[in-house]
Amino acid sequence: QVQLVESGGGLVQPGGSLRLSCAASASIFGIYAMGWYRQAPGKQRELVATITSGGVTNYADSVKGRFTISTISRDNAKNTVYLQMNSLKPEDTAVYYCSADAPPRPRFWGQGTQVTVSS
């Protein structure tokens with residue numbers, strides 16, 4: 001049962017932009033927050049950005065001023081979160097994972113989408 005579907009990854013040159021999207025299925029109700037995490041080879045998964053249902057955002061220091069997270073919520077039945085990534089750097093290369101928090105259930109994760117920044 002697929003519950004978080006991601007899209008938008010790919011290969012981009014340094015300084016370029018990408019937009020990631022993640023749609024939550026209607027089976028995930030009561031979402032409090034959604035977010036993006038990333039995991040580079042040989043490293044632990046790390047927070048990129050999160051946004052609550054009230055619009056409060058949180059960013060990793062490494063992406064502040066370059067990345068923007070936003071959401072669209074339709075009748076609390078389908079939530080979509082976006083990550084606009086500008087001024088991309090090679091160190092942004094990673095698999096990016098979408099997340100959804102709907103307490104008291106465990107965090108939901110997407111399948112991941114590869115972002116590669118290289119010339």
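Predicted model: local features only at pLDDT ≥ 70, side-chain atom pairs only at ≥ 80, totals over all residues.

Residues are numbered from 1 along each chain as its sequence is written, and side-chain values use heavy atoms, with hydrogens and water left out.

Begin with strand S4, residues 33-39. Strands here are DSSP runs of E with at least two residues, and helices are runs of H or I with at least four, numbered from the N terminus. Of the 7 residues in S4, 6 are buried. Buried means under 20% relative accessible area, exposed means over 50%, and partly exposed is in between, with a 1.4 Å probe and protein chains only.

Two strands count as paired if DSSP finds at least two bridges between them. S4 runs antiparallel to strand S5 (residues 46-52), and 6 bridges join them. Within this pairing, Arg38 has Glu46 of S5 as its bridge partner. The hairpin of S4 and S5 has 6 residues between the strands, and Gly42 takes a positive phi near 75° there. S4 also pairs with strand S9 (residues 94-101), again in the antiparallel sense, over 7 bridges. In that pairing, Ala33 stands opposite Asp101 of S9.

Ser99 gives a view of the S9 side, since this residue lies in S9 and is buried, with a relative accessible area of 2%. Which residues does Ser99 touch, not counting residues up to four places away in sequence? Taking contact as heavy atoms within 4.5 Å, Ser99 touches Leu4, Ala33, Met34, Gly35, Trp36, Tyr37, Arg107, Phe108 and Trp109.

Two of those contacts, Tyr37 and Trp109, return in the ring geometry. A search of the whole structure finds 1 aromatic pair. Rings of Phe, Tyr and Trp (its six-membered ring) pair if their centres lie within 6.5 Å; planes under 30 degrees apart count as stacked, over 60 as edge-to-face and the rest as tilted. The pair is edge-to-face because the rings of Tyr37 and Trp109 have centres 5.1 Å apart and planes at 75°. Tyr37 lies in S4 and Trp109 in strand S10 (residues 108-109), so the pair ties together parts that are 72 residues apart in sequence. Tyr37 is buried at 12% relative accessible area, whereas Trp109 is partly exposed at 36%.

Arg45 also meets the ring of Trp109, lying over its face at 4.5 Å from the ring centre. The charged end of Arg45 sits over the ring of Tyr97 too, 3.7 Å from its centre. The rule for a charge over a ring is that NZ of Lys or CZ of Arg is within 6 Å of the ring centre and within 35 degrees of the ring normal.

Side chains of opposite charge can pair when their charged atoms come close. With a salt bridge defined as a side-chain nitrogen of Lys or Arg within 4 Å of a carboxyl oxygen of Asp or Glu, the count comes to 5. One of them joins Arg38 to Asp92, with the closest N and O atoms 3.0 Å apart. Arg38 lies in S4 and Asp92 in the loop between strand S8 (78-85) and S9, so this pair ties together parts that are 54 residues apart in sequence. Both ends are covered: Arg38 is buried at 6% relative accessible area, and Asp92 is buried at 0%.

Asp92 also meets Arg66 in a salt bridge of 2.8 Å, N to O. Arg66 is in the loop between strand S6 (57-59) and strand S7 (67-74), 26 residues from Asp92. Arg66 counts as buried at 11% relative accessibility. Salt bridges that share partners join Arg38, Glu46, Arg66 and Asp92 into one network.
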